[in-house]
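I opened the model to look up the overall build, a few helices and some single residues. My entries follow in the order I made them.

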Amino acid sequence: MTNPQMADKIRAGQGFIAALDQSGGSTPKALKLYGIEQSAYSSDAEMFDMIHAMRARIVSSPAFTGERVVGAILFEMTMDREIDGKPSAKALWEDNGVVPFLKIDKGLEEIEHGVQLLKPIPGLEALLARAVQNGIFGTKERSVVQAANARGIRALVQQQFQLGNQVLAAGLVPIIEPEVTISITDKAEAEQMLLEELTAALDTVPAGQQVMLKLTLPETANQYKSLVDDPRVMKVVALSGGYSREEANARLSKNTGMIASFSRALTEGLSAQQSGAEFDATLDATIAEIHAASIAG
């Protein structure tokens with residue numbers, strides 16, 4: 001059973017979802033943008049300690065509250081750690097009023113038929129059970145569309161919903177994330193194909209249940225409005241996908257009912273070298289911008 005207070009928070013959507021789920025492959029880049037070079041750590045353990053310290057600093061900031069941030073997506077290792085002496089997911093909800101989600105995907109397959117499917121997720125049932133025990137509300141699973149290929153997009157969406165229904169059966173809400181790469185020349189065509197496949201796949205959601213969708217900001221404003229309005233969809237959130245925060249916010253503000261779920265665009269401008277006051281002020285301004293774009297539509 002999902003937490004009804006958390007579900008209400010997400011449905012109301014008066015804010016955005018922070019993506020604090022950089023995995024091993026993306027962590028060095030995230031740390032570099034934060035002002036920590038690879039020479040500052042000599043092992044994966046040290047690297048993960050440093051990225052956790054960055055995440056904990058964000059979550060502990062007075063700017064990071066449920067008034068503007070409705071949810072946060074965590075990396076598995078973050079779920080297993082503590083923030084301010086409390087398990088991360090409980091700290092988010094109990095101290096900040098922010099709904100915790102867990103990234104469960106384990107990377108991408110090679111491109112086939114214009115898409116990258118999810119790799120197998122070993123120990124999925126055990127991971128979902130741990131998530132429930134830790135007070136996690138939902139999961140996030142990302143695959144990628146690299147071309148407007150109808151066969152590939154259909155296979156990708158079918159895989160996502162099969163996994164999503166496993167997540168629902170475990171008592172969690174899945175964030176289904178079929179990212180469309182922003183640099184492809186046929187992005188608009190891919191988004192139309194994706195819309196059609198997502199609409200059809202919603203018929204597989206068990207009666208009375210809801211999923212969430214995390215989608216690339218579309219070329220056509222309100223491309224996904226029918227999904228926003230679908231009763232089987234709890235919320236549609238937008239990924240920044242490589243757009244600058246300024247462009248991502250501008251695009252988001254034109255899409256009614258979509259809210260942000262930004263990662264790099266959220267941490268843009270933050271630095272390990274900043275004083276506490278400078279860090280909090282920068283984060284506060286960033287959160288204000290993303291929040292404004294999320295409620296603008």
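**Terms and source.** I take helices (H or I, at least four residues) and strands (E, at least two) as DSSP runs, numbered from the N terminus. The model is predicted, so I note that local features need pLDDT of at least 70 and side-chain atom pairs count only at pLDDT 80 or more, while totals for chains, interfaces and linings use all residues. Residues are numbered from 1 along each chain as its sequence is written, and side-chain values use heavy atoms, with hydrogens and water left out.

**Gln-160.** I looked up Gln-160 and found its place in helix 7. Buried means under 20% relative accessible area, exposed over 50%, and partly exposed in between (1.4 Å probe, protein chains only). Gln-160 has 0% relative accessibility and therefore counts as buried. For contacts I use heavy atoms within 4.5 Å. Leaving aside neighbours within four places in sequence, Gln-160 is in contact with Leu-118, Glu-141, Arg-142, Ser-143, Ile-176, Glu-177 and Pro-178.

**Overall build.** I counted 12 helices and 11 strands in the protein. The C-alpha trace spans about 50 × 40 × 40 Å along its principal axes. I then checked the radius of gyration, which is taken over C-alpha atoms; the globule rule is 2.2 Å times the number of residues to the power 0.38. For 297 residues a compact globule would come out near 19 Å, and the protein has 18 Å, which agrees. Of the 297 residues, 53% count as buried. Among contacts with a separation of 6 or more, 73% come from residues 24 or more positions apart.

**Charges.** I counted Lys and Arg as positive and Asp and Glu as negative, without His and the chain ends. Each charge is placed at NZ of Lys, CZ of Arg, CG of Asp or CD of Glu. The mean positions of the 27 positive and 37 negative charges are 1 Å apart.

**Helix 1.** Which residues of helix 1 (residues 4–12) are buried? I found Met-6, Ala-7 and Ile-10. Seen down the axis, these buried residues fall within an arc of 100°, so they line one face of helix 1. The arc is that of the directions from the helix axis to the C-beta atoms. The general rule is that an α-helix has 3.6 residues a turn, so residues three or four places apart point the same way. The cover over the buried residues of helix 1 includes strand 1 (16–20), strand 2 (69–74) and helix 5 (88–96), and also strand 5 (99–103), strand 9 (211–216) and strand 10 (233–239).

**Helix 6.** In helix 6 (residues 124–133) I listed Leu-124, Leu-127, Leu-128 and Ala-131 as buried. Their arc around the axis is only 100°, which puts them on the same side of helix 6. They pack against helix 4 (76–79), strand 5, strand 7 (138–145) and helix 7 (150–169). Glu-125 and Gln-133 are exposed, on the face turned away from the buried side of helix 6. Gly-135 follows helix 6 and has a positive phi, near 85°.

I noted a phi near 55° for His-113, in the loop between strand 5 and strand 6 (115–116). His-113 counts as partly exposed at 31% relative accessibility. Asn-222 has a phi near 65° and lies in the loop between strand 9 and helix 9 (225–228). At 30% relative accessibility, Asn-222 counts as partly exposed.
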